[in-house]
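Subject: Structure for your review

Dear colleague,

Please find the structure below, together with its sequence.

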There are 2 protein chains.
Amino acid sequence: MSRHILVVAHGSRRESSNHEVEILAKKLALLATEFDSVSAAFLEMAEPNIKTGLNKLIEQGANEIIVLPYFLAAGRHVVDDVPEDIETVKAEHPEVKIQVSEHFGAVNEVPGLLLKLALGVA
Amino acid sequence: MSRHILVVAHGSRRESSNHEVEILAKKLALLATEFDSVSAAFLEMAEPNIKTGLNKLIEQGANEIIVLPYFLAAGRHVVDDVPEDIETVKAEHPEVKIQVSEHFGAVNEVPGLLLKLALGVA
């Protein structure tokens, strides 16, 4: 049983922004000991894209993949674009369990973290 | 002394996505008792834009405004676009203290919250 996390972000023209997401995936990997790997993929403007990211894990023998949409609000990317790419891969690989979490912005802790940010500046 | 928080998000074509940010500002307002108000503004595709959001607070007598860039990665929006709008208003109102926090994705708690999201699905 091989379980993996794929963090899916928007992707940016700025390479350092995409790198920030890759660093985040590495930090998550240190915490996510229940999973065999954590990697990152991008909706657009950066590589690997979502399909490539999923297919790479499947080629490596993944039985289960949890996709974490690293987006703050449920705009069209979260509602349409990301699910569309995932559904394509799901249809090609019905043997792999691919699940998608809520988008990151839906987490309850967000307002408290914003307060912390504000008080850090004030 | 009138202190305010302005949450600045990207903005979406989906009205419900922008509404999600406004709800977040309301949740933050309940926690942020040190501040006189919390409101939201958008870089693009939604109203108010950043300049309008800041100017509204200044018209209401704000002495200090903390801007929270509600973005996950430091792409060009965080590095160029948001600061540009803020600098314009700052130049017009040197009497108001306008400060900008780090972008939300820089918060240390992010990896732990992503793990929580993943375990919620697993």
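The notes below cover the relation between the chains, the nonpolar core and the aromatic rings.

Please bear in mind that this is a predicted model.

How the chains are related.

The core. The largest nonpolar core contains 53 residues, and Phe104(A) and Phe104(B) have the most contacts inside it. Helix α4 (residues 110-121) of chain B supplies the largest share of this core, seven residues. Contacts of Phe104(A) include Tyr70(A) and Leu72(A) in chain A, and Leu72(B), Phe104(B) and Leu117(B) in chain B.

The rings. There are three aromatic pairs over all chains. In one of them, the ring centres of Tyr70(A) and Phe104(A) are 5.5 Å apart and the planes are at 55°, so the pair is tilted. These two residues are 34 residues apart, and the pair links distant parts of the chain. Both Tyr70(A) and Phe104(A) are buried. Tyr70(B) and Phe104(B) likewise have ring centres 5.5 Å apart and planes at 55°, so this pair is also tilted. Ring pairs join Tyr70(A), Phe104(A), Tyr70(B) and Phe104(B) into a cluster.

Charges over rings. Arg3(A) lies over the face of Phe35(A), at 4.7 Å from the ring centre, and Arg3(B) lies over the face of Phe35(B), at 4.7 Å from the ring centre.

With kind regards

How values were computed:
Residues numbered from 1 in each chain as written. Chains lettered and ligands numbered in written order. Predicted model: local features only at pLDDT ≥ 70, side-chain atom pairs only at ≥ 80, totals over all residues. Heavy atoms only, no water. Core = buried A, V, L, I, M, F, W, Y, C linked by side-chain atoms within 4.5 Å. Buried < 20%, exposed > 50% of the residue type's maximum accessible area, 1.4 Å probe, protein only. Helix = DSSP H or I, 4+ residues; strand = E, 2+ residues; numbered from the N terminus. Contact = heavy atoms within 4.5 Å. Phe/Tyr/Trp six-rings, centres within 6.5 Å; stacked < 30°, edge-to-face > 60°. Lys NZ or Arg CZ within 6 Å of the ring centre and 35° of its normal. Lists of a residue's contacts leave out its neighbours within four places in sequence.
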